[in-house]
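Colleague: I would like to go through this model with you. Could we begin with how its elements are named, and then look at particular residues?

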Amino acid sequence: MATSKVLYEKRGPVAYVTLNRPEVKNAIDVETHDRLCEIWTDYRDDPAMRCAIITGTGDAFTAGADLKTHAPEWQTVGPMVGRDRIDDGLCGITRGPLARMYKPIVAAINGWCVGHGVELAMACDIRIASERAQFGTFEIRRGMHPADGGIVRLVNSCGVGFALEMLLTGEPFSAERAFTANMVSRVVPHDKLMEETEAVVARILRNDQMAIESAKETILEIIGRPFYDQLRVEAMWGYALCGGNPSVMQRSQQFFDKADKGRAGATANKL
C-alpha cells in the first residue's frame with residue numbers, strides 16, 4: 001500500500017511508514033495527515049501487525065506542518081478550531097483515539113525533526129536518532145506554539161526546564177542534546193539508523209504481544225494520576241494480565257529451560 005506522499009509497507013509483523021515528500025523536507029500537508037490517519041488505523045486493526053517504524057525520505061524526518069496548506073485554514077476557521085479538533089490530532093497519533101493505540105511505534109529520526117515533527121516523534125514510544133538529526137520547535141517564530149501534544153510530551157518526557165528552553169528560543173538542538181534531555185533513546189551513526197532501529201524492534205518482537213500492549217496501556221493510564229492511584233492501576237492491569245494471559249506458563253517454562261530468546265550472561269543465546 002503506498003501513495004506518493006507516504007509509503008506504507010508490511011514486512012512480516014512490522015509496519016514501515018515512510019514520510020515521502022523530500023522536496024519539502026517531508027512536511028505534513030492535509031493529504032499527508034489524512035493518509036497517516038488511514039495508515040495508523042490499518043496498523044492498529046491488523047492483527048498480523050505487531051510493531052511499526054516511522055521514518056522520513058531524504059535528509060529530514062519531517063519539517064512539520066506544511067504551512068502552505070495549514071496556515072490559511074487556521075486563519076479562516078476561527079477560535080473554535082481547537083474544540084473542533086480535540087479528537088483529530090495532526091498525523092493521527094498525536095491526539096484522539098489513535099493516540100490510545102497500544103501497539104508500539106518506533107521513530108527512526110533520520111535528519112531534521114522540527115515543528116510538528118517533534119510532536120510526531122514524541123508521540124512514538126521509542127525514538128532513535130541519527131547523529132545527523134536536528135530538533136527544534138520553530139512555531140514560535142511564526143506566531144504559534146505546539147498544539148498537538150508537543151508541549152505536553154516534552155514536559156512529561158524531558159522536564160519543564162528543557163521544554164521552556166526549546167520552546168521559547170526556537171533554536172535547533174543537536175541529536176546529542178536531545179539524548180541528554182531524554183527526547184531520544186539513543187543516537188547512532190547515520191548509516192546504521194535502520195539497522196539499529198530494527199534491532200530494537202526485534203527485541204520488542206521477542207516479547208509477548210499481550211504483555212507489550214498491556215504495559216503500554218498501563219503507562220498511558222498512570223500518567224497524571226496521584227501516586228497511590230498509579231499503584232492501584234498498575235496492580236489491576238498487571239495482575240489481570242498474569243491471570244488472563246494464556247502464554248504465561250509456556251513462556252515461563254522457556255525461561256526455566258533457559259530457551260527463551262535473547263538471553264544474556266552464562267546462558268546467552270541469540271535473539
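Predicted model: local features only at pLDDT ≥ 70, side-chain atom pairs only at ≥ 80, totals over all residues.

Colleague: Is Gln209 buried or exposed?

Modeller: Gln209 has a relative accessible area of 16%, which is under the 20% limit, so the residue counts as buried.

Colleague: And which residues does Gln209 touch?

Modeller: Setting aside residues up to four places away in sequence, Gln209 touches Arg50, Lys103 and Pro104.

Colleague: Lys103 interests me. Where does its charged end sit?

Modeller: The charged end of Lys103 sits over the ring of Tyr43, 5.2 Å from the ring centre.

Colleague: Where is Tyr16 found, then?

Modeller: Tyr16 is found in strand E2. At 11% relative accessibility, Tyr16 counts as buried. Leaving out residues up to four places away in sequence, Tyr16 touches Leu7, Tyr8, Glu9, Arg11, Ile53, Met194 and Glu198.

Colleague: How many residues separate Tyr16 and Tyr43 along the chain, and what is the distance between their C-alpha atoms?

Modeller: Tyr16 and Tyr43 are 27 residues apart along the chain, and their C-alpha atoms are separated by 9.9 Å.

Colleague: What does Ile109 touch?

Modeller: Not counting residues up to four places away in sequence, the contacts of Ile109 include Phe61, Ala121, Ile128, Phe135, Val184 and Leu193. Arg127 and Ser130 are also among them.

Colleague: How many aromatic pairs does the structure hold?

Modeller: The structure holds 4 aromatic pairs. In one of these, the ring centres of Phe162 and Phe173 are 5.2 Å apart and the planes stand at 85 degrees, so the pair is edge-to-face. This pair links distant parts of the chain, with Phe162 in helix H6 (residues 160–169) and Phe173 in strand E9 (residues 173–174), 11 residues apart.

Colleague: Are Phe162 and Phe173 buried or exposed?

Modeller: Phe162 counts as buried at 8% relative accessibility. Phe173 likewise counts as buried, at 5%.

Colleague: Let us step back. What does the secondary structure come to?

Modeller: The chain has 11 helices and 10 strands. Its radius of gyration is 19 Å, close to the 18 Å that the globule rule gives for 271 residues, so the chain is as compact as a globular protein of that length. Along the principal axes, the C-alpha atoms fill a box of roughly 60 × 45 × 35 Å.

Colleague: And what share of the residues count as buried?

Modeller: Of the 271 residues, 43% count as buried. The chain exposes about 14,000 Å², with carbon and sulfur atoms supplying 57% of that area. As for contacts with a separation of 6 or more, 68% come from residues 24 or more positions apart.

Colleague: Now the loops. Which residues other than glycine have a positive phi?

Modeller: Lys25 is one of them, with a phi of about 55 degrees. Lys25 is placed in the loop between strand E2 (14–19) and helix H1 (30–45), and is partly exposed, with a relative accessible area of 35%. Asn182 is another, with phi near 75 degrees. Asn182 is found in the loop between helix H7 (175–180) and strand E10 (186–188), and is partly exposed at 47%.

Colleague: How far apart are Asp66 and Asp191 in space?

Modeller: Asp66 and Asp191 are 28 Å apart, C-alpha to C-alpha, and 125 residues apart in sequence.

Key
Residues numbered from 1 in each chain as written. Heavy atoms only, no water. Contact = heavy atoms within 4.5 Å. Phe/Tyr/Trp six-rings, centres within 6.5 Å; stacked < 30°, edge-to-face > 60°. Helix = DSSP H or I, 4+ residues; strand = E, 2+ residues; numbered from the N terminus. Buried < 20%, exposed > 50% of the residue type's maximum accessible area, 1.4 Å probe, protein only. Lys NZ or Arg CZ within 6 Å of the ring centre and 35° of its normal. Rg over C-alpha atoms; globule rule 2.2 N^0.38 Å. Areas by Shrake-Rupley, 256 points an atom, 1.4 Å probe, with all protein chains shown as cover.
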